[in-house]
Amino acid sequence: MHHVTLKLYYFIAFSDLSQQHVISAVENMLVFCKAKYVLLLVVTLVFKKILCICEDSHIVICDDITDIKDNETTPWLHVQIGSLEKRVESPNHVLNRSLFFTLSRTRFLTIINQLRLISRLPEHRHLRYLNFYGNNILEISDNTFSRMYLLKEAYLKNNNIQHLGREIFQNLTLDVVDLSRNRIQSIRSGFYNTKIKWLLLNHNKINYLGFEPFPPSLQQLELNDNLLETIEHEYFRNLRSLKELYLENNRLTTISNILDLKNIQFLHFAYNNIQEVHFRFDQLPKLEFLDLGFNSIHNVTTDVFSAVKSAPIVVLSFNKLSNMVFEHPERKTDLVLFGNPWICECWFKIEKIISKHHHQQTCDFKIFDKGQIPLCIEGGQCSGTLVVARNDIDNYLKVVSVVQDDVKRCNFRL
């Protein structure tokens, strides 16, 4: 076990820090310090001003970005400026060359509720972790971070960003870039000439994607809670390494060709307005999980999911399915079906098939076993064209919705 030295000093820069500031500071320090030091860090809460040495790491916390200019910060490896406390005035500082030069030895930089603008930053050969949160940065200009040669993680969440310039991380290799909860409307060229493993763009206003807008190095891409209406072939054509794709809660009505995603393992399309499924997911050889729950799918054949050997878990819960076609029931499927307005005669036939060929996922059995929850709608013969009254469907979905949270809690990750 490494030897740990904890030192506590009074530090002039912190003379105005409140107890809440200290608590907030310690919470952020926990990100950087290993879990075995947590007990030591809690002790520092009794102090108004702190300097914590966690192995060879040094941490400084400042209330305002101007405090950095007034103190010698060159040896500090971890710097946090600002706090989550709501400011009276809007963030108004500019992160410029001179200020950034003061932080030339910093490895972990967090700036909260301070910035309105970032100028093109100078060369930095030490910064590895960047976290800007709660600022008012409307635009990230061209090549802003391209000279931070060791940067591995960039968190730019909740900064009111509306526009991304060209190649903002040019020639960098990053593990994580998080641009969630901003106001970005389109993705065009911001990630060209960049290597990123995990890109998060959740909770924006994205309604347009350009030609191959994402770096081919991506392994996980998150676009939940945006305004996308279609998925075009050229969006993801170059993402041959992608393993997880999240497109939940958009405005999709169909799924077009995503055949180039040869290494995809997890696909998330829940909470859209998808009505029919035509794409052959069985052509994706490594697919393990497909979530199509909470859509408006009314027609599907299991052949688009099934496989001769191993089949993915396919969530079809809370759609508009009244029947399901098993053209080749002997081919494997692993289905979550609860919450659809099945016609009873159709459902009894489906039950026999899934029981004989083991098509149903264990999550369904837990939910169907509730006892008082209806399984189907009495709607006549299961032959020919099935017509179920819209009111009957709406009433059924309303009744079964009381257990929809149980479906969300099912652990589908393998």
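**Notebook: pocket, aromatic pairs, positive phi**

I sorted the lining of the largest pocket into 5 nonpolar, 4 polar and 3 charged residues (nonpolar is Ala, Val, Leu, Ile, Met, Phe, Trp, Tyr, Cys and Pro; charged is Asp, Glu, Lys and Arg; polar is the others, Gly among them). The model is predicted, and I took local features at pLDDT of at least 70 and side-chain atom pairs at pLDDT 80 or more, while totals for chains, interfaces and linings use all residues. Residues are numbered from 1 along each chain as its sequence is written, and side-chain values use heavy atoms, without hydrogens and water.

I noted a volume of about 280 Å³ for the largest pocket. Of its 12 lining residues, His298, Lys320, Val388, Arg390 and Ile393 are the closest to the centre. A pocket here is an open set of points on a 1 Å grid over the protein atoms alone, where a 1.4 Å probe fits, with protein on both sides within 12 Å along at least five of seven lines; lining residues have an atom within 4 Å of a point. The volume is the space filled by probe spheres set on the points, which are joined across faces, edges and corners.

Next I counted 12 aromatic pairs (Phe, Tyr or six-membered Trp rings with centres within 6.5 Å; stacked under 30 degrees, edge-to-face over 60, the rest tilted). Phe145 and Phe169 are stacked, at 5.3 Å centre to centre and 15 degrees between the planes. Both are buried (under 20% relative accessible area, 1.4 Å probe, protein chains only; exposed is over 50%, partly exposed in between).

I also found Tyr271 in one aromatic cluster with Phe294, Phe318 and Phe338. Tyr271 has a positive phi, near 60 degrees, and counts as partly exposed because its relative accessibility is 30%.
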